[in-house]
Each structure stands twice: as structure tokens, then as C-alpha cells.
Amino acid sequence: MRKTIIAGNWKMYKTIAEAIELANGLKRELFKLNSQEIDIIICPAFTALTEVAEVIVDSNIQLGAQDIHWEDEGAFTGEVSALMLKDVGCKFVIIGHSERRQYFGETNESVNKKIKAALKHNLTPIVCVGETLQERESGETFKVLDDHIHNGLKDISDTDILKIVIAYEPVWAIGTGKTATSQQAEEAQKYIRDLLRKVYNNDIADLIRIQYGGSVKPENITELMSQPDVDGALVGGASLGVEIFTEIVKRASEVVK
Ligand code: PEP
């Protein structure tokens, strides 16, 4: 059985004071959930990581970041390394988010380097894959998934792949309010799992967690989570409020598979 994993991507929102308030609220509302049964992760902006880490220390909420650079240090103005994220208390890092692919030139090659850097420092990469609307409409969804999985995860060993979480995020569903139907999510996520069967093996494919991301809200989380290959969610907009994110996490934790 795969452990449910719900992550909140706060994107470029929240000042430090606002981030502390949100983290405190989530800690208060979610403390009863068993961390043996569900991974709850919040990914604030870099500027708020230290303060949020202090709030959630000794809670059932874990810290993640939204990106990394693949080098440990160097002359890379504006970048933050895996080593630095570890230092601040991160356990997870989102890699290859479609907004980074779309606006900041992220490629499968850079995704691959970042995954390896994260693994080197024991950070769990949440690797985002998924097609744009145009790609879906021209029947290229599976081709894009093939490309993101084969090239993004290139040369990742059997042992290391088990330390990775994959997030299927159809780009057309991110921040648009347009959620993939649970059938569309399941179809794509089963496809990803079957690809992993071919690249690795059945045992590995059955163990890897695949999240769905794209306009997840309390109203659709149960239906999405009920799909056999949906093991959790990566939540953007709806992770920015205590009540709404709490509701998503609680509903996800109630789905029995
Ligand atoms: C995301 O940022 O990964 C995301 C899925 O955003 P939203 O939930 O707002 O669609």
C-alpha cells in the first residue's frame, strides 16, 4: 500500500508573517492526523522557509521547497542549492513544475540534474510531469509523458527511483479551475505507472507514489483519491488557506483503498 501524500505549493505568495500564520493554522488543524498514514508537506517561498520550519518542527507537517539548483554552491546568482535547503530543514523539493518549464526554461535535462542533486542530499524530489492543452488536444499526452519520464528520470537507479514522488500535473488544469476528471487523471497516472514497469519493474512501479495536481479542491479530492493510481495531490491555489487545505488533507486521509 502506498502512503497518501498531500503537498501544498505556495508558489510566490505569502510574506514571512503570512506564512507563519498559515503554517500555525495548519499545525493547529491537522495535528490529529497520523504521520504514519499520510505525508503532509508545505512548500513556502524560499524567504519563509526558516520561519515555517520553526513553526512545524515536531509537528506532522513536513517542509518542502519549490525548486533547487543542481550544484552545491558556486557563482549562480539567485539560485538556491539542495545543500542549502537541507540546511534550512527541507525534506522535499518540487522539481520541474510546469511554471518553471514554461517561464524559466526548465528542461528535462535540468530536471534530471536537479533530481540527482536532491537525492545526493537526501531530499525527496516531487517531479512534475504533464501535457499542455495543445498537446492534449493534438493527442500527444502519452508522448509528452514518455518524454518527461524517460528523459527527466534518465539514469536514476532502481534504489533512487523509490525515493522519488511523481506529480502528474496537466498544465491546462493548473490554476485554471479546470480539474482533470478522475478518469483523465487515472488514465494518465496508470500510463505513468506502466511506463515505470517497463523502465524498472513491477515491484518498483507498484511502490512509487504518483500525485495528481491541477485545481484540486475539497470538492474533488475524494473522487480523485479514489482512483487506484492516484496516491495524493500537489495543491497550488487551494493550499493558501488554512480551512481549504485542511479540508483537502482530511478528506484525502479518509479515502480507504
Ligand atoms: C500547482 O501549482 O502545482 C497546482 C496544481 O496549482 P493549482 O492547484 O492552483 O491548479
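**Close-up views of a predicted model**

View 1. Residues are numbered from 1 along each chain as its sequence is written, and side-chain values use heavy atoms, with hydrogens and water left out. Asp229 belongs to the loop between α11 and β8 (232-235); helices (H or I, at least four residues) and strands (E, at least two) are DSSP runs, numbered from the N terminus. Not counting residues up to four places away in sequence, Asp229 touches Arg2, Glu186, Gln189, Lys190, Arg193 and Ile210 (contact means heavy atoms within 4.5 Å).

**View 2. Helix α9 and its buried residues.** Helix α9 comprises 18 residues and spans 25 Å from its first C-alpha to its last, close to the 26 Å expected at 1.5 Å a residue (the expected span is 1.5 Å times one less than the number of residues). Its buried residues are Ser182, Ala185, Glu186, Ala188, Gln189, Ile192, Arg193, Leu195 and Leu196. These buried residues of α9 pack against β5 (124-129), α7 (141-152), β6 (165-168), α10 (202-207), β7 (209-213) and α11 (218-225).

**View 3. Ser182 in helix α9.** Ser182 is located in helix α9 (residues 182-199) and is buried, at 6% relative accessibility. Its side chain forms a polar contact of 2.8 Å with the side chain of Glu223 (a pair of N or O atoms within 3.5 Å; within protein, one must be able to donate a hydrogen and the other to accept it, and residues adjacent in sequence count only if both atoms are side-chain atoms). Neighbours within four places in sequence aside, Ser182 is in contact with Glu223, Leu224 and Gln227.

**View 4. The surroundings of the ligand.** The ligand is surrounded by 14 residues, of which the closest are Lys11, Glu169, Gly175, Ser215 and Gly236 (a residue is near if one of its heavy atoms lies within 4 Å). The shell contains 4 nonpolar, 8 polar and 2 charged residues; Ala, Val, Leu, Ile, Met, Phe, Trp, Tyr, Cys and Pro count as nonpolar, Asp, Glu, Lys and Arg as charged, and the others, Gly among them, as polar. A polar side-chain atom of His97 is 2.9 Å from an oxygen atom of the ligand. A backbone N or O atom of Ser215 lies 2.8 Å from a ligand oxygen atom, and a polar backbone atom of Gly236 is 2.8 Å from an oxygen atom of the ligand. The protein covers 96% of the 290 Å² of accessible area that the ligand has on its own (Shrake-Rupley method with a 1.4 Å probe; for residues, only the protein chains shown count as cover).

View 5. Most residues other than glycine have a negative phi. Lys11, in the loop between β1 (4-9) and α1 (16-30), has a positive phi near 50 degrees and is buried at 17% relative accessibility. Asp155 has a positive phi of about 60 degrees and lies in the loop between α7 and α8 (158-161). At 64% relative accessibility, Asp155 is exposed.

Terms used. Predicted model: local features only at pLDDT ≥ 70, side-chain atom pairs only at ≥ 80, totals over all residues. Buried < 20%, exposed > 50% of the residue type's maximum accessible area, 1.4 Å probe, protein only.
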